[in-house]
Protein chains: 2
Amino acid sequence: MLAADIGGGSLLIAWQLKGKKVLIIGGGEVAGQRVESILSTDAHITVISLFCNLHEKTQKLISQYPLRTKLLDKMYEHGADSTDLLNYDMVLTALDDFELSKTICHFCREHRIPVNAADIPGLCDFYFGSQIRDGPLQIMISTNGNGPKLANLVKGKIAKALSGQEGAAIKKVGALRVKLRERAPGVGGELGKRRMSWMTKLCKEWTMEELGTLNEENMQMLLDEGWENDKVPSAKALGVKPLSICVPSSNDVVFPGFIGFCVGIACVTTWNWLRR
Amino acid sequence: MLAADIGGGSLLIAWQLKGKKVLIIGGGEVAGQRVESILSTDAHITVISLFCNLHEKTQKLISQYPLRTKLLDKMYEHGADSTDLLNYDMVLTALDDFELSKTICHFCREHRIPVNAADIPGLCDFYFGSQIRDGPLQIMISTNGNGPKLANLVKGKIAKALSGQEGAAIKKVGALRVKLRERAPGVGGELGKRRMSWMTKLCKEWTMEELGTLNEENMQMLLDEGWENDKVPSAKALGVKPLSICVPSSNDVVFPGFIGFCVGIACVTTWNWLRR
């Protein structure tokens with residue numbers, strides 16, 4: 001394969017913002033979307049915008065999360081405010097003023113502050129994309145700048161393919177891993193390998209829907225009967241019943257079933273009629 | 001909703017590395033995975049590692065992409081080499097030496113160089129995740145540090161839900177957008193809005209599989225008969241036949257059909273038997 005065949009993409013990454021400071025310059029609708037995106041992390045958010053310019057959504061989010069967000073009720077002025085940018089770990093501009101946005105971007109890039117300017121892709125360190133969130137599970141769909149409409153179509157397909165138990169499964173497996181480490185503590189070595197291979201086997205043999213339904217009692221049984229005997233019991237053996245299994249939609253089952261039913265009737269009727 | 005309910009996640013972003021310089025410190029298996037990840041972008045990659053320590057995969061990728069990758073055949077020495085780090089736009093460590101990795105991370109964070117250290121999540125600016133790539137379409141699955149096994153299970157579900165025509169659809173829609181801009185040029189205004197709403201309507205009414213099958217001739221017809229008459233003809237009307245349509249797998253159809261068939265036969269037979 002040539003490099004040209006594999007290149008051309010972005011590096012999709014999960015940026016960590018726990019305890020970090022993010023500045024959003026602007027208060028319109030896009031600024032509101034940015035506030036929402038950053039709220040999914042544990043960052044502190046500052047919005048610079050005149051209060052009167054705040055979009056309804058932006059205003060609502062700021063008043064809804066007073067401990068996570070702060071409004072600086074003023075217009076951003078480059079020069080007077082630019083050194084303040086250095087106090088932030090990420091800067092997002094959502095301005096109608098293209099020139100101002102460009103100036104901010106150049107300043108940020110010069111000082112290695114990760115920056116995204118809405119509508120000026122050429123100046124962005126990174127792009128946003130369509131997202132799906134289910135607790136610890138996050139999925140991002142990027143079309144590499146080819147528009148959000150198609151990303152949303154793909155998002156719809158993906159959302160339909162998930163049972164909604166994936167986030168729960170990830171949480172439960174995390175909790176089980178903690179319990180297992182308490183029971184068989186230590187870092188690395190043979191025990192570490194055994195722990196890892198047992199968890200891997202469990203994740204292979206159980207469905208995500210079964211994993212998502214684990215409770216304290218099942219986990220205890222899984223460790224007592226499974227880990228201690230170096231085996232992975234089936235979900236059924238432990239009495240774990242998934243809340244919702246990802247089955248084909250009812251139409252996908254009912255329609256072929258109905259057609260089969262009619263064909264069955266037609267066959268027997270024809271057979272009986274021919275026999276007469 | 002409380003902030004606690006929506007927080008706790010990462011910011012999933014598409015980082016832009018076109019023309020940027022990425023340094024990978026280490027040459028083992030993980031370094032190879034890093035080289036592979038970065039090759040999907042258009043960055044220049046430098047690997048620091050003794051040649052004799054290179055994993056087979058890392059070595060192969062470096063020799064396969066000589067224009068995109070460079071090997072510095074030496075051990076990384078912090079102090080002597082640390083100022084060199086400032087020449088890079090991103091640093092990834094894949095070392096067994098935890099202390100060295102930590103030192104590099106602290107240096108990078110101090111100098112705002114985006115950094116990822118394999119196996120030291122607490123020090124990373126960002127994490128990698130499971131990925132799906134189909135040309136311009138990129139999908140990332142993150143479990144927020146809850147392990148790659150479950151991310152891969154989710155990846156499997158997603159891959160199954162896609163028809164494989166999504167990347168092609170995104171490319172074709174991009175090409176059509178360029179043609180439409182040539183035919184109806186100009187930025188913003190009424191024409192800009194009409195262009196956008198026509199493209200939106202097309203993406204809504206056609207399936208991704210139909211969009212993915214567009215060719216030069218269809219595109220011309222779509223613009224001549226559709227855009228010029230301010231309507232979106234159906235794919236069928238233009239003779240566009242999708243190469244592969246995402247239908248339920250044969251088992252999903254055959255099994256309910258067979259059950260229905262059996263039930264049909266059983267019903268008629270019972271009915272006939274009761275009538276005797």
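Analyst: Let's start with one pair: Tyr127(A) has Ala14(B) as its bridge partner in strand 1 of chain B. The model is predicted, with local features needing pLDDT of at least 70 and side-chain atom pairs pLDDT 80 or more, while totals for chains, interfaces and linings use all residues. Residues count from 1 along each chain as its sequence is written, chains are lettered from A and ligands numbered from 1 in the order written, and side-chain values use heavy atoms, without hydrogens and water.

User: Which strand of chain A pairs with strand 1 of chain B over two bridges?

Analyst: In general, strands of a sheet pair through backbone hydrogen bonds, either parallel or antiparallel. Here strand 7 of chain A (residues 126-127) pairs with strand 1 of chain B in the antiparallel sense, over two bridges. Strands are DSSP E runs of at least two residues, helices H or I runs of at least four, numbered from the N terminus; pairing takes at least two DSSP bridges. Strand 1 of chain B also runs antiparallel to strand 1 of chain A (residues 11-15), joined by five bridges, and Ala14(A) sits opposite Leu12(B) there.

User: Which residues of strand 1 of chain B point one way, and which the other?

Analyst: In a regular strand, side chains alternate between the two faces of the sheet. Leu11(B), Ile13(B) and Trp15(B) point one way, with Leu12(B) and Ala14(B) pointing the other way.

User: What is the order of the open sheet of five strands in chain B?

Analyst: The order is 4-3-2-5-6, with parallel pairing. Strand 4 (69-72) and strand 6 (115-117) of chain B are the edges, each pairing on one side only, and the twist averages 15° from one strand to the next. Angles run from 0 to 180 degrees between N-to-C directions of axes fitted to C-alpha atoms, for helices over the stretch in contact. Within the sheet, strand 2 (residues 21-25) and strand 3 (residues 44-48) of chain B run parallel over five bridges, with Lys21(B) opposite His44(B).

User: What about the sheet of four strands, in what order do they come?

Analyst: That open, antiparallel sheet reads 8(A)-9(A)-9(B)-8(B). Strand 8 (130-134) of chain A and strand 8 (130-134) of chain B are at the edges with a single partner each, so one side of each has no neighbour in the sheet. Neighbouring strands are turned by 10° on average, direction ignored. Strand 8 and strand 9 (residues 137-142) of chain A share five bridges, and Arg133(A) partners Gln138(A).

User: At what angle do helix 7 and helix 10 of chain A pack?

Analyst: Two packed helices are described by the angle and the distance between their axes. Helix 7 (residues 166-183) and helix 10 (residues 216-226) of chain A pack at about 45°, axes 11 Å apart. That makes helix 7 of chain A oblique to helix 10 of chain A; under 35 degrees is roughly parallel, over 145 roughly antiparallel, 65 to 115 roughly perpendicular, and the rest oblique. Residues of helix 7 of chain A, including Leu176(A) and Leu180(A), meet residues of helix 10 of chain A, among them Met219(A) and Leu223(A); contact means heavy atoms within 4.5 Å.

How values were computed
Buried means under 20% relative accessible area, exposed over 50%, partly exposed in between (1.4 Å probe, protein chains only).
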